Amino acid sequence: MAKNDDAHDRRQAIIDRMLEQSLFPEVDRRLPSHDALPEDMRDTVDRLLAKAESQRARRLTYEDLEEALPPRDVTAEDLEAIFWILSEHGIAVEDGEGE
């Protein structure tokens, strides 16, 4: 259960930061780019996009995300970039079962 709690805490921290940034946007903020990500994060995004495409789904689950992440500590910035890029492709990450 601790692993799920850690994942929940990381997601909540990202959500909190994104909410704060939406309320107080930085003028010079650069949006994350797929090409600017580390190679393992690009592979993660590519796997998630391929999974969504193969399922013809516009949403994935947090379990899909956890399975696709590389076996290293992933920073909040990496996760934020993944969520941003997926949203640019019209894909949401949600709790529950993927379709």
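Reply: **A close look at helix α4**

Helix α4 is followed by Gly-90, whose phi is positive, near 75°; helices here are DSSP runs of H or I with at least four residues, strands are runs of E with at least two, and both are numbered from the N terminus. The model is a predicted one, in which local features need pLDDT of at least 70 and side-chain atom pairs count only at pLDDT 80 or more, while totals for chains, interfaces and linings use all residues. Residues are numbered from 1 along each chain as its sequence is written, and side-chain values use heavy atoms, with hydrogens and water left out.

The helix itself covers residues 76–88, and its 13 residues reach 18 Å from the first C-alpha to the last, close to the 18 Å expected at 1.5 Å a residue (the expected span is 1.5 Å times one less than the number of residues). Within α4, the residues Asp-78, Leu-79, Glu-80, Ala-81, Ile-82, Phe-83, Ile-85 and Leu-86 are buried, where buried means under 20% relative accessible area, exposed means over 50%, and partly exposed lies in between, with a 1.4 Å probe and protein chains only.

Once its neighbours within four places in sequence are left aside, Leu-65 is in contact with Leu-48, Leu-79, Ile-82 and Phe-83, contact meaning heavy atoms within 4.5 Å. Thr-44, which is found in helix α2, counts as buried because its relative accessibility is 0%. With neighbours within four places again left aside, Thr-44 is in contact with Ile-82, and also with Ala-68, Leu-69 and Pro-70. Thr-44 and Glu-67, although 23 residues apart in sequence, are 9.2 Å apart in space, C-alpha to C-alpha.

Helix α2 also holds Asp-46, which is partly exposed, since its relative accessible area is 38%; Asp-46 and His-34 are 12 residues apart in sequence and 9.2 Å apart in space, C-alpha to C-alpha. In the loop between α2 and β1 (59–61) lies Arg-56, which has a positive phi of about 50° although it is not a glycine, and which counts as exposed because its relative accessible area is 79%. Another arginine, Arg-11, lies over the face of Tyr-62, at 3.9 Å from the ring centre; a charge sits over a ring if NZ of Lys or CZ of Arg is within 6 Å of the ring centre and within 35 degrees of the ring normal.

For the chain as a whole, there are four helices and two strands, in the order α-α-β-α-α-β along the sequence. Of its 99 residues, 31% count as buried, and among contacts with a separation of 6 or more, 74% join residues 24 or more positions apart. The chain exposes about 6,900 Å², of which carbon and sulfur atoms supply 50%, with accessible areas taken from the Shrake-Rupley method with a 1.4 Å probe, and with only the protein chains shown counting as cover for residues.
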